[in-house]
Every structure is written in structure tokens, then in C-alpha cells.
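Please find below a colleague's note on the model shown here.

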Amino acid sequence: MHRIVHLDLKGAPLKIPYLEKVLLTAQSWGATGFLFEWEDTFPYSGELADIGSQKDSGGDGMYSMEEVQHIFQFARDNGLVAIQLVQTIGHLEFVLKHPKYIPLREIPNSPAVLCPSREGSQDLVMKMVDQTLDAQPDAQFFHIGADEVWHKAVCSDCQNRASTRRYQGDALFLEYIQDLTLFIKRKRPNLTILMWDDMLRSINEDAFKAYSFLNVQPVYWNYNTIDNFRTDHVLWQKYTKLFPKIWAGSAFKGANGSCQALSPVCRYVSNHEAWLREFSIYKESINFVGIILTGWSRYDHYATLCELMPVMLPSLASCLKLLTKEDHLGIEHVIREYLPPQEWPGEELARCVHSFVILRERCTNLLHGEMVSTWLNPWQVERGYTVSIHVQSIAYSARILLEEAKNLSQSLSTHLHSVTGKRSKEEWLRSNVTPILTKMTELCEVAENAMKRDAGIRP
């Protein structure tokens, strides 16, 4: 069974030297390949140049075509499967945000979903697919995304078309995917096409029979822990009739909150426990080709960064080791919140992030704790009704925390620079560290000003 690690490069894309370390380290834990989700880090060219890395649309300066092909060669040289993922209808913000492509949106105020009925939509996606496949002549698999199509058959063009179809909005989606997969198969007859399954779950089985879907292998994704993990037996039955081969989709990071800096490893290991149980239950009736361990960097193109790759490598190690462990070994043998330095590319950044989360909590406790609320709250500051002796300890604590935050910010900046690009480094620092620096600086100034005054006389 394939164990494919998903690299979501639309958030904190990995510099090539660091990426190589991740590929080899994950392989040592049991990974058999990688799923590269490019978004605006792919070097689209010609009329598509604006949406990709050639025009630095993502702001991180990655990747060039030479680097993309180096990644594929590096994977091939080390016996790893390389799969590209190109979103083709939903999650197309990175394309539809550009003025040129606004007319192709399903709804005007959201760049998330491509309208399948507009002239130019299919041509756009086929050109994207063409360029990415041309970069990988020996590709075995290709992933067309197609998940979370939030707006389906909403615009007037789609509604008019849907009204003439027996299966209405579902028919438009199935027609679009059918045309796309047939285009890919004409270009690469031996290519296996993958897609996320969520938009297929509610579609009637008879609707599928009206379209050619034998070209697709669905990836049934479920990221819940074992206590909350539910799959639909009826859906499995439908899928086994329609699809000879099926993939599972799990998560090793990016599924525990849209702005998390850290997540417990046991949360993600539990999800893989659930999938192992599912494999055991359906081993006789479902042909599972493999599992894709997703590692989301953002919940969508406009979302902030969540768990960084170096931070979550212990989770990836634990999840892969669970999937490959010998049956007699207990789960306690695979869960590791930390790794030995030689097995942890980016350990310095990971430890800095851990330190920052602890420091942020200490700052929050001071800012919103009893000391400030009792002796330096906004009402007291406004009226100058403070007493220096009480404010001294607040000022002292604030200065220490501010100095720690400044030093840690410098370390984080250095280590982020070694892993990812300029935009992602600045985004993480300004989203996470800058607010703490600002608040602690303000508290220091307020406390130090209050210390210069005599005790207030009138409230």
C-alpha cells in the first residue's frame, strides 16, 4: 500500500535543501512518495505566468522550473513516487483572485470556485494541467483536487444548464470532471487520476452511471480522531461498485484548528488508528491502493498559516511508524512528541516555536492577569490613580518578557529563513510574534509612566 505524504506548498513552501531532508527523513519512517500541491509556487509560463512563481505571485520566490524538475529527479533517484496536485474547480483562489480571471468565478464575491459553464474556464484549467504534466513526463499519478466546491450551480449560466439536466447541479460537476479526466487520459493514457471524494459523497449512484468515471480513483478523506471517526457503510458500498480502486486520506498536520502553532501528536496518531481499523474492517471488500497523509499549511489560500512542517515532523514520524509497525508493538512505541536531532530537520525552528507558545501564554497571563487588572487597569491609567510600588513589579515582569520576546523573534526569523521564503517568514512573525511585542511594549510604557508619578489623590 502506498503511503504518500502531502506537502501543501501554498503555505510556507520549503526551500530545496530543507525539502530534500524532509523527503529522505520521511522515507526512513515509511513514506513511499509525496503529493506536491503547488498553487502559486509552480512556475506557470506564457499567458499563465501571472498566477505562478515566475511573477512571484505567492511572494516566496519559489519555485523555478529547474527546481521543480530537480525535486522530481531527487524523488525518482531515491525511489519515491512524486504526485502533483492541481486544483481544478474548487480552491482556485490563487487563480481567480487575479483581475483577468474574475469573470470565471461561480459567484462574483468569492474567488474560491470556478464556474464550469463560462467560456474559458475549461481552457484555463487544461492549460494549467498541460504545463504541470509537461514538467513531469514520467508521472504515474496526477491529482485534480476537486474538493470543497462550496458554490455549485449558483450562477445564472449554471442554473440554466442544470435545469436541462436530469441530475441538475450534480450533472454539471460530473460532466466537468468527466471532460477533464478524458482530456488528461488523451494526453497521458497510462496516468492514474486521483481526486478528493467529498463532492462525490452525496451524488446518486445512478448519476454516476451516466458518466465515465472509470478514469478516477477517489481519495476518501476523514481527519477525525478515533473516538469521532465515522464512515458510511452505504457510501463504501456505492464506491466499491463505481471505483475498482480507492485511497484513504488522513492528516498528520493542519487539521486541528485553522491557526494552530502546535498540536498534540496523539491527536493525529488517533486519526491513523481509526484508518487502520477501517482497513481491517473492509480488507475483503475494498481495494485500498494507499493512504495520503495530508499536511495542510493553510485552510484555504487566504487563511493564515497553521502548524509549520518542522514543528509537526514528530507527528509525521509517529503516524508513518504506526502505519508500518509490527502488529505486536503497542501504540506507545510510535508516539513521539520530540525526535532525536539527527531525525528532525528544522529542529531549531520547532523548538523556537514551542518556546514562543509558552512565552505567549506567559505574556497573556500578565496582560490579563490579576496584577494588571488590580493595579494598572484602563480606568486607573486614565485617571492617574496608581501607586508606584505596586506598578514596579508589573514593569519588571513586562520588561523581562519583552526582552525574551525580542530575542526569540530574532531566533525565529533566522530559523524561518532557513526553511521557507520571505513572505511566509514575515507572515508568521507578524501574525504571531508582532502582536505580542506590541502589547508588551505598550504595557512597559504604561507601567514605566505610572512609576514616575506619585500615588494618585482622587479617583
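1. The lining of the second largest cavity is made up of nine nonpolar, two polar and two charged residues. For these classes, Ala, Val, Leu, Ile, Met, Phe, Trp, Tyr, Cys and Pro are nonpolar, Asp, Glu, Lys and Arg are charged, and the others, Gly among them, are polar. The space in this cavity is about 70 Å³. Of its 13 lining residues, Ile 89, Pro 116, Lys 152, Ala 153 and Leu 172 lie nearest the centre. At least two lining residues each come from β5 (110-114) and α6 (168-187), and α6 has the largest share with three.

2. This is a predicted model, in which local features need pLDDT of at least 70 and side-chain atom pairs pLDDT 80 or more, while totals for chains, interfaces and linings use all residues. Residues are numbered from 1 along each chain as its sequence is written, and side-chain values use heavy atoms, with hydrogens and water left out.

3. On terms: a cavity is a set of points, on a 1 Å grid over the protein atoms alone, where a 1.4 Å probe fits but cannot get out; a pocket is an open set with protein on both sides within 12 Å along at least five of seven lines; lining residues have an atom within 4 Å of a point. Points are joined across faces, edges and corners, and a volume is the space filled by probe spheres set on them. Helices (H or I, at least four residues) and strands (E, at least two) are DSSP runs numbered from the N terminus.

4. The whole structure has four cavities of 30 Å³ or more. The largest cavity holds about 140 Å³, and 19 residues line it, with Gly 11, Ala 12, Leu 14, Ser 297 and Met 309 nearest its centre. Two or more lining residues come from each of β1 (2-8), α10 (309-324) and α14 (388-419); β1 has the largest share, three residues. The classes are 11 nonpolar, five polar and three charged.

5. The largest pocket has a volume of about 380 Å³. Its lining numbers 21 residues, and Glu 148, Trp 221, Tyr 223, Trp 296 and Tyr 299 are those nearest the centre. Eight of the lining residues are nonpolar, five polar and eight charged.

6. The second largest pocket has a volume of about 230 Å³. Its lining comprises seven nonpolar, three polar and two charged residues, and includes His 368, Asn 377, Lys 439 and Glu 442. The most lining residues, four, come from α15.

7. The chain has 15 helices and 10 strands.

8. Where does Thr 88 sit? Thr 88 is in the loop between β3 (81-85) and α3 (93-96), and is buried, with a relative accessible area of 0%. Its side chain reaches the backbone oxygen of Ile 144 at 2.7 Å. Leaving aside residues up to four places away in sequence, Thr 88 touches Leu 114, Val 125, Val 129, Ile 144, Ala 146, Tyr 176 and Leu 180 (contact: heavy atoms within 4.5 Å).

Note on methods: Buried < 20%, exposed > 50% of the residue type's maximum accessible area, 1.4 Å probe, protein only. Polar contact = N/O pair within 3.5 Å; in protein donor to acceptor, adjacent residues only side chain to side chain.
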